[in-house]
Structure formats: C-alpha cells, structure tokens
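Hello,

Here is the structure for your files. My notes follow below it.

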Amino acid sequence: MSYFIFKRSSNGSFCISQYIRTKTRALSSLHPLDNFLDSNQNSKVFDPGCSSILHNSLKKPFGSFSLLPSSSLLGSQNQHSLRLNRKGWIWAREFGSQAAIEPRTSDGLTVDGIASSKWTILEESESDWKSHAAAIAQSIQVIKRRLQWKKLMVRLDLLSAELNKPDLWNDPVHAGKISREHGSLMGKMKEVKAFEQELLEHIDMIKLAREEDDTELESESMKALLRMRRDSKDKELEALLAGEHDSCSCYIEVQAGAGGTESMDWAAMVMQMYKTWAQRRGYGVTVVDEMPGEIAGIKRATIKVDGEYAFGYAKAEVGVHRLVRISPFDSGKRRHTSFAAVAVIPILGDGSSRVQINESDLRIERFRAGGAGGQHVNTTESAVRIVHIPTGVTATCQNERSQHQNKASAMAVLQSRLDQLEMARQAQMNSQHTQSLTEISWGNQIRTYVLHPYRLVKDLRTNYEVSDPDSVLEGDLDSFILSYLSASLDKGEGEQ
Amino acid sequence: MLKLRSSGLSCGVCAKFQIPIPRCFMNSITTSSIDVKPKVPLYLRPPSFSASLSELTKWHKWAKNLASSVGSSFINLDNGPDSTLLRRELNWLLQDLIELQHRSVILSKLESGNNENPDVSVALRAPLEEMYCVWRQRIEKRRPFQYVVGCEHWRDLVLSVQEGVLIPRPETEVIIDLVEGVALNNAPELAQGFWADLGTGSGAIAIATARALATHAHGDACGRVIATDLSPVAVAVATSNVQRYGLQDVVEVRKGSWFEPLKDVQGKLAGVLSNPPYIPSGDISGLQAEVGQHEPILALDGGISGTNDLLHLIDGVASMLKPGGFFAFETNGEKQCKFLVEYIENEKPSSFRDMNIASDFAGIQRFVMGFRR
C-alpha cells in the first residue's frame with residue numbers, strides 16, 4: 001500500500017512523503033521531493049526554488065514501483081534501485097564496491113561519526129533525535145560486525161571480478177553458484193547501506209524542519225527515527241543469522257554417551273528440551289528416528305525441525321552436553337555425570353547444490369525385520385534403513401506409519417547427511433560447516449547442567465549461566481543460543 | 001467370537017462399543033448377501049466428543065503403563081509387538097483421536113507431562129470410555145492396531161480396514177514399485193490397458209496401481225483397474241476406499257472368486273496382480289495372535305503347501321493377459337518363488353518371458369513376475 005502526503009512547505013515548494021507499507025512492518029522512507037508532482041503523477045516539473053540541501057535525498061525509483069518517468073531531470077549519481085527483501089520493500093541506493101564513498105549528511109556527519117560522537121542514548125520514549133540517531137548508528141555498527149562487513153567487501157570484489165570473466169558461463173554450474181552468491185551478498189549489503197542512508201536523510205530532514213520551523217515535518221522525522229531505532233534491534237538479531245544455510249530447516253540428532261540408563265535418560269531429556277524449544281518457537285517438530293534405551297531414555301534419536309532459521313539457531317547447540325545429578329536409576333543415590341552429543345544438519349533448499357544420489361548406490365533394508373514376514377506377520381513396524389554404499393552413510397526412519405513414508409523420510413535424512421559430508425569436505429572454503437555426530441569428540445563439551453549439589457546451567461563457550469535448570473530443560477534456550485551466536489560473531493571486533 | 005463378547009462385557013461401561021466388532025466377524029463368516037456397511041476410520045469421524053485435559057492425561061498414563069507392562073512377552077510368545085512398538089501405536093492412536101487443530105499442542109502437553117490448564121476441554125473423535133475399551137482389546141486381546149483405528153497407512157495411502165479384511169502388509173508395497181519399475185518403464189503402453197487385482201481385500205493394490213497408471217499415462221488414455229474379492233466385507237471396504245480416493249471411474253470392484261468375474265476381459269488384460277493367501281495350512285495355528293485370531297483366514301490359508309491359490313492364478317493368468325501383459329504375485333518366500341518359477345518353466349514353457357523373482361526390503365524373495373509372450 002502506498003499513499004502520498006502533499007504538503008506545502010514554507011518556501012512554496014511541495015513536499016511529498018511517500019509511505020510504503022507491508023503487512024509485517026512499515027518500512028517507510030520519507031521522500032521530500034523538491035518538485036511538483038502533477039495530478040496524473042507521471043510528469044513533473046522541476047521547481048527551481050528548491051533547496052539545494054535536498055538534492056542529496058532525491059530518489060528516482062524504477063521497476064514496478066515506478067512513480068516518476070525515467071527521463072528525470074535529477075542527477076544520475078543519486079539513482080536508487082528498488083529491491084525486495086524478506087521484510088518488505090525498501091529503498092536501496094545503488095552502489096558498487098568501487099564507489100564506496102561514505103554517505104554523509106548535508107553537514108558532513110557519517111554513521112561512524114555519529115556512533116563515536118558519544119551522544120547520550122536516552123530511553124526510546126524520550127523524543128531526542130540525537131539519542132535515536134546514536135542508538136541506530138551503534139546498531140548499524142553491530143550489524144556490520146556480525147555480517148563481517150570487511151570480509152563481505154573483499155568477497156564481493158572477488159565475485160565481481162569472477163563475474164566479469166568472459167568465459168564464466170563455460171561452466172554453468174559454477175557460474176550459477178557465483179552469481180547466486182554475488183546476488184545474495186549484494187542484497188545483504190544494500191540493505192545495510194539503505195538503512196544508513198535512511199538514517200542520514202532523516203537527520204537532514206530534522207535539521208531542515210528546525211530551520212524552517214516546520215513542526216509537522218519534525219515530528220514525522222522523529223517518528224521515523226524511532227521506528228528505525230526499533231527496527232534496528234530486529235536487524236541486529238537478523239544479522240546473527242546471516243550464514244549461508246541459516247534460514248534452512250534442520251535435523252537435530254542426540255546420542256547418549258557411555259553410562260547406560262542414566263545417560264540414555266539424559267539424552268531423552270536433551271531431546272525433549274529441543275522439542276519444546278522448537279515448538280515454542282513455532283517450528284514443526286517430527287520424530288524421524290528413535291532408538292529407545294532398554295529401561296529408559298534413548299540411545300539415539302533424530303528430529304526434524306521445520307521452519308525459517310531453524311538451522312541458524314540450532315547450530316549453536318552442536319557439541320556435548322553434560323549432566324550432573326543424583327541418578328534416579330542408582331539405588332545407592334550417588335551423584336552421576338553423563339553426556340549427550342548433539343549434532344545439527346541443515347536441510348538445504350532446492351536452490352542449493354545438493355549431492356546427486358544414484359539409486360544403484362543404495363541398499364534399502366527393512367530394519368529389525370525377522371521371521372517369515374508377509375501375511376505371517378501383522379506389525380505396525382515398517383522401519384527402513386538406507387545405506388549409501390560408497391560412503392557407508394546410513395539413515396533410518398521408523399516413526400512414519402507406512403514403509404513408503406519411512407523410506408521417503410530416511411531418504412531425506414540420507415540426502416542431508418550426504419550434503420553435510422560434502423560441506424565438511426569443502427570446510428576450508430566454507431565456514432558454515434557443522435559437525436556430524438561421528439565427528440563430535442566427547443571432549444567437546446559446550447554446556448554443563450548441574451542439578452546437584454547446586455543448581456546451574458553454564459555454557460562453557462560464553463560463560464553464560466542461569467540458576468534455573470528446569471526452565472532450560474523445558475526449552476528456554478534462546479538466551480543461551482543468542483549469547484553464543486553474538487559471542488562467536490562479535491569477537492572479530494578489532495576487524496572493523 | 002464368544003471370547004470377544006465376554007471381553008466386551010468385562011469392559012463394563014463400554015460394552016456397547018463392542019457390539020460392532022462381533023457383527024463384522026459374522027459377516028465375514030456367513031458371507032450373507034446383506035449389504036455390508038463399511039466402518040468409518042477413527043481419524044475421519046467428526047470430533048463430536050470431548051474430555052478434559054486431565055481425563056485425557058489419565059487415560060494416556062494408563063494406556064502407556066499397559067503398553068509398558070507387555071515388555072517383550074509377546075515377542076517371546078509369538079513374535080508379537082513389544083512395549084516400544086505399542087507405545088508408538090499409542091501415539092498414533094492419539095493422533096487419530098484428537099481433532100487436528102489443537103493436536104500438536106495437546107500431544108506435546110501429554111508428552112512433556114505439562115499439568116497446566118487441566119480443565120481445558122479437548123475435542124475427540126470418540127468417547128474416552130471407548131478408548132479405554134479399545135486399548136484394552138489391543139493389549140489383552142491382541143486386536144490388531146489397524147482394526148482399532150480402522151485404517152492402515154500403506155504407501156502414500158490411508159486405507160480403511162476392519163475385521164473381515166486383510167490388513168495390507170508393508171512387504172506388499174513393493175509390488176507397486178514392480179508395476180512402475182518393471183512393467184510401466186519397460187512397456188509404457190501397459191499404462192493405458194486394463195489391470196486386475198485379484199483378492200483385493202482393502203483395495204490397496206488396486207488403488208495404488210490406478211494412481212501409478214495415471215502418473216505414467218500419456219495424454220487422456222489412462223488405464224483402468226478391476227478389483228475382485230470373494231468376501232462381501234472386502235468388496236464393501238474396497239469400494240469405499242476407492243470412493244474416498246475419488247477413483248470410482250477408474251477402479252471397479254467386482255464380487256467373485258479370482259478370474260470368475262473377469263470373463264468379459266479375458267485375453268485383454270495388460271496386467272494381473274495379486275496377494276493371494278499363501279500360508280501353508282499347518283502354519284496357521286502358530287501365527288502371531290494379531291493375525292491368527294483376528295484376520296480373515298480366507299485371506300491367509302493357502303492350502304497344505306500354501307500354493308493352492310497361487311497355482312490357480314498361474315494356470316489362469318496366461319489366458320487372461322494379452323500378449324506383452326505383465327503379472328506379479330506375492331508369495332510366502334524363497335521356497336514358493338522357486339517352486340512357481342520352476343512350475344511355469346516346466347508346464348508353460350512358451351507362455352511367458354522375462355520371468356523373475358523380486359525380494360522385499362527384508363531381503364526375502366517375495367514376488368514372482370513375468371510378461372505374457
């Protein structure tokens with residue numbers, strides 16, 4: 001939905017604000033055009049009385065949102081492109097790495113300048129533009145750090161150079177990969193750049209409004225800054241999940257360590273923790289494979305977690321989880337320490353290059369089958385195990401109600417395992433690799449859950465801790481996940 | 001039958017829910033000409049009952065304990081289900097019982113033992129009393145799970161089943177892979193012909209074949225399937241399954257023994273499929289309780305060596321198939337497969353080509369197949 005606000009400003013020219021809204025969020029941009037838009041909105045007359053300050057923020061949209069004719073009188077150096085991002089339409093300034101001129105306000109303020117200006121950051125409720133601007137500028141710095149901005153620039157240059165090679169399309173698979181990655185990097189960077197630009201424009205607008213004593217314009221710009229400030233917090237979070245496969249669904253696998261029933265019970269508790277965590281986040285959860293323990297708990301289990309960013313969050317959980325408690329399975333009531341290993345496998349989208357599987361490389365077996373079978377046996381057990389003979393990778397599924405569905409689910413798991421194996425092979429090039437269960441060493445402890453003699457859950461990587469293990473085991477994991485993700489991305493702080 | 005009735009009475013309050021079951025047995029035995037009304041599977045019934053979350057939790061705990069009490073005793077007795085499998089069945093029973101909209105929330109509450117809001121009302125597709133009764137039947141009477149919920153998930157289908165109809169087996173799913181992989185890939189024109197599923201039971205093979213023909217057919221000319229069965233219960237259940245999948249124009253269910261109702265298509269069939277009774281009579285008494293005490297003997301007992309019906313089918317199939325037509329029959333295993341192939345090679349050396357044996361996923365040689373010359 002878009003609509004226009006026509007407003008006569010004190011110097012006689014028209015100000016037009018355009019708001020573009022989406023259902024999820026109003027990502028709007030104030031467009032003070034120093035020109036006159038006539039009633040058919042298709043031709044315009046340049047108003048010679050316009051303020052030169054506003055030249056910087058002129059916009060020339062095109063594409064499906066085109067409002068102005070392309071034969072604009074405006075300078076081409078200020079062209080903007082329009083692109084669709086996940087959250088809605090945003091305005092993005094076209095840029096290339098070669099044209100990395102730092103955007104400034106009319107009086108020369110830059111985003112980094114604002115961030116380092118030590119303006120006091122007050123509560124959101126305080127209507128103070130400097131406070132909003134400083135908060136936003138700091139957020140932008142966090143976002144850039146999390147996206148590993150400098151690395152992105154280097155990578156983008158590399159990809160651009162590759163794209164410019166005349167023989168690129170001789171290898172269409174490679175070319176497709178390069179151009180996809182280039183597009184996705186450009187997208188990420190444009191979004192941040194546009195956000196920066198928007199901040200600077202609003203600052204200009206506020207200054208202008210004050211000069212011209214236009215309270216309405218000032219309050220609109222103030223509102224826009226406040227909205228940006230709120231959005232910037234979401235963007236900081238999003239930036240934590242900017243990895244190549246972060247938006248994918250995933251499998252979570254849990255395996256009990258040595259120690260019999262006590263550790264199998266622990267593995268079941270860990271699995272339950274992830275099931276409730278995922279359900280609370282609104283993800284779909286399906287048990288794919290489960291090997292129950294003889295007395296209690298599980299030896300091993302695999303669940304499928306369906307939803308956006310499931311992998312991005314869950315990957316923070318990879319490693320060994322340690323439990324200390326008085327075992328309910330020990331008649332001597334002694335304290336036990338047990339371990340459960342957690343692996344997370346992304347389920348790559350159709351767009352990604354997936355490993356090709358040859359039917360002839362597969363051996364499909366009925367799992368735990370015995371006896372004469374056929375009409376002799378009535379069982380609801382139709383588990384299937386698929387073995388990929390060249391790699392020895394296997395996948396099992398027994399929780400579907402038909403053999404056909406078990407086979408399909410096991411195939412999907414097998415595909416993801418092979419994809420993960422391939423990613424591990426390319427690990428030098430790609431830091432997005434997460435370890436599989438077989439790779440995780442039992443020494444690789446990431447978190448300890450102590451139920452006795454005191455109560456504490458502590459992440460050994462971040463030292464983040466809470467004193468209420470019950471809530472964590474009931475799936476209250478987000479703070480652990482976010483603190484780990486921020487810590488792992490924010491540690492490269494010196495780089496920026 | 002008497003046993004079942006008395007067990008119904010011992011259930012006390014839920015005795016009335018027992019009544020339909022013995023009636024179904026009678027139908028399968030007396031093969032009366034009265035129209036059999038197929039039962040609606042649990043998951044398709046309207047959610048017109050309710051229970052509080054705490055009542056449901058109480059039932060779930062009780063049912064879980066009952067399942068756990070089995071341990072591995074059934075395995076040791078007759079290779080029946082163990083506690084793990086029974087608990088999984090219990091989850092599936094809950095899935096079918098609880099109305100879809102709130103299912104996942106309720107299921108996760110039950111699983112995690114979350115005791116919040118015990119008074120919240122849960123919409124169910126059957127009264128909880130009936131659930132006490134049927135789960136007791138499942139464990140104590142070894143009534144097959146598929147009869148309890150009234151359906152079997154088979155390939156990508158959910159088929160209604162009830163007492164009097166053989167529950168389709170996972171092994172039999174492979175026969176459709178053979179139809180697609182061996183017959184239709186090698187001879188695509190077969191996808192436009194008439195196929196027959198003899199002794200169709202629930203209609204599983206016929207329905208899945210019809211769907212396979214549709215995916216392999218080019219243009220409008222899609223093949224058709226005729227399903228036959230001697231049992232009126234099977235005919236009624238198969239007909240209702242065909243209708244549920246909207247295939248009444250593609251699959252025709254006919255009552256009668258083997259080839260008898262197929263006189264009009266003699267020599268014209270593109271394919272003949274069957275999962276006939278093949279268990280040797282001597283093995284019947286030792287069968288797993290779910291099978292021997294509950295499933296129709298008509299669909300299981302294949303005579304002294306188990307091959308009575310298979311031989312009848314092989315003797316008849318040559319005259320039913322058109323040249324190039326395909327047949328595949330399920331058997332009891334390696335011994336029967338080898339015997340049948342040998343029989344065909346000796347007795348009908350010029351009738352068939354490309355005779356082959358295919359195994360199920362457990363590695364047991366399960367199917368005999370070939371093409372009419």
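In chain B, take the contacts between residues at least 6 apart in sequence: 73% of them join residues at least 24 apart. Contact here means C-beta atoms, placed from the backbone, within 7 Å.

Ground rules first. This is a predicted model, in which local features need pLDDT of at least 70, side-chain atom pairs count only at pLDDT 80 or more, and totals for chains, interfaces and linings use all residues. Residues are numbered from 1 along each chain as its sequence is written, while chains are lettered from A and ligands numbered from 1 in the order in which they are written.

**Chain B overall**

Chain B has 15 helices and eleven strands. These are DSSP runs, numbered from the N terminus: helices are H or I with at least four residues, strands are E with at least two. The C-alpha atoms of chain B fill a box of roughly 70 × 50 × 40 Å along the principal axes. Of the 373 residues in chain B, 46% are buried. Buried means 20 or more other C-beta atoms within 10 Å of the residue's own; exposed means 12 or fewer; partly exposed is in between; C-beta atoms are placed from the backbone.

**Val165(B)**

Val165(B) sits in the loop between strand E4 (157-160) and helix H10 (173-186) of chain B. Val165(B) is buried, because 32 other C-beta atoms lie within 10 Å. Leaving out residues up to four places away in sequence, Val165(B) touches Gly201(B), Ser202(B), Val233(B), Ala234(B), Val237(B) and Pro296(B). Leu313(B) is 148 residues away along the chain; its C-alpha atom is 20 Å from that of Val165(B).

**Chain A: helix H6**

H6 (residues 260-280) of chain A has 21 residues and reaches 30 Å from first C-alpha to last, close to the 30 Å expected. The expected span is 1.5 Å times one less than the number of residues. In H6(A), 15 of the 21 residues are buried. Just after H6(A), Gly282(A) takes a positive phi of about 85°.

**Chain A: a sheet**

Three strands form an open sheet in the order E12-E13-E14 (chain A), with antiparallel pairing. Its edge strands are E12 (362-366) and E14 (393-397) of chain A, each pairing on one side only. Pairing requires at least two DSSP bridges between two strands. E12(A) and E13 (residues 384-388) of chain A pair over five bridges. Glu365(A) stands opposite Arg385(A) in E13(A).

Best wishes

Conventions:
Two residues are in contact if their C-beta atoms, placed from the backbone, lie within 7 Å.
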